[in-house]
Amino acid sequence: MAKEEAPTEGEAPKKKGKLLIIILALVGVVVLAGGGLAAWLLMSAPDKSKKAKAEDGGEEGHGDAEAGEEEEEGHDEHPPVYEKLDQFTVNLADQETYLQTEIQLLVASPEVQAKIKERMPEVRDAMIRLLSSKMPEDLSMPDGKTKLADEVQKEINDVLGIKKKSQGVKKVLFGAFIIQ
């Protein structure tokens with residue numbers, strides 16, 4: 001009986017070794033398949049963006065212009081360009097309340113940024129006139145800051161002589177906004 005037990009003990013480690021090799025092989029196959037899938041997805045992603053750009057370019061002037069401009073923001077070929085304006089402190093239209101705000105602009109290109117710097121006195125004047133024309137109630141409403149951002153964007157693009165948002169100031173960001 002002792003002789004019969006010895007081979008049984010010897011066979012058990014061999015079975016565990018084979019099982020371990022099979023499990024490692026399966027894990028390797030899964031890892032390789034996942035890596036291949038990830039590589040394929042990453043390689044095919046630029047093709048989709050090129051098709052989307054081609055479609056956007058071919059359909060200019062159709063559909064909602066602002067929706068097309070928002071899509072363009074995601075496909076810029078250069079990093080975002082920001083221009084920070086000085087802090088503004090103005091009396092609001094009620095002459096009892098003041099607004100203190102910091103404004104940063106997301107612009108379409110370094111060229112637009114340079115234009116803003118060249119025309120900074122006009123930009124500052126336009127901002128002071130716009131901000132001081134507001135009533136505190138208008139700015140305190142849920143969409144008050146959004147409306148003001150749209151007006152700031154339009155006003156600065158007008159000063160720069162730019163018609164399309166996508167070619168000038170693309171977005172207005174408030175770094176601080178205090179009404180007292």
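Me: Which residues is Thr-97 in contact with, leaving aside its neighbours within four places in sequence?
Reply: Contact means heavy atoms within 4.5 Å. By that test Thr-97 is in contact with Val-90, Asn-91, Leu-92, Pro-136, Ile-179 and Gln-180, leaving aside neighbours within four places in sequence. This is a predicted model: local features need pLDDT of at least 70, side-chain atom pairs count only at pLDDT 80 or more, and totals for chains, interfaces and linings use all residues. Residues are numbered from 1 along each chain as its sequence is written, and side-chain values use heavy atoms, with hydrogens and water left out.

Me: Where does Thr-97 lie, and is Thr-97 buried or exposed?
Reply: Secondary structure comes from DSSP runs, numbered from the N terminus: helices are H or I with at least four residues, strands are E with at least two. Thr-97 lies in the loop between strand 2 and strand 3. Buried means under 20% relative accessible area, exposed over 50%, partly exposed in between, with a 1.4 Å probe and protein chains only. Thr-97 has a relative accessible area of 14%, so Thr-97 is buried. Pro-136 is 39 residues away from Thr-97 in sequence, yet the C-alpha to C-alpha separation is 7.0 Å.

Me: What is phi of Gln-95 near?
Reply: Phi of Gln-95 is near 60°, a positive value in a residue other than glycine. Gln-95 is found in the loop between strand 2 and strand 3. Its relative accessibility is 59%, so Gln-95 counts as exposed.

Me: How many helices and strands are in the chain?
Reply: The chain has six helices and four strands. Along the sequence they follow the pattern α-α-β-β-β-α-α-α-α-β. Of the 180 residues, 25% are buried.

Me: How many residues has the largest nonpolar core?
Reply: A nonpolar core is a set of buried Ala, Val, Leu, Ile, Met, Phe, Trp, Tyr and Cys residues joined through side-chain atoms within 4.5 Å. The largest one here has 29 residues. Among those with the most contacts inside this core are Leu-85, Leu-105 and Ile-116. Strand 3 (98-107), helix 4 (120-132) and helix 6 (144-160) are among the elements that each supply at least two of its residues. Leu-105 touches partners including Val-81, Ile-116, Ile-156 and Val-172.

Me: At what angle do helix 4 and helix 6 cross?
Reply: Two packed helices are described by the angle between their axes and the distance between the axes. Axes are lines fitted to C-alpha atoms, for helices over the stretch in contact, with angles from 0 to 180 degrees between N-to-C directions. The axes of helix 4 and helix 6 come within 10 Å and cross at roughly 145°.

Me: How many aromatic pairs does a search of the whole structure find?
Reply: Rings of Phe, Tyr and Trp (its six-membered ring) pair if their centres lie within 6.5 Å; planes under 30 degrees apart count as stacked, over 60 as edge-to-face and the rest as tilted. The search finds one pair. Phe-174 and Phe-177 form it, edge-to-face, at 5.1 Å centre to centre and 75° between the planes. Phe-174 is partly exposed at 24% relative accessible area, whereas Phe-177 is buried at 19%.
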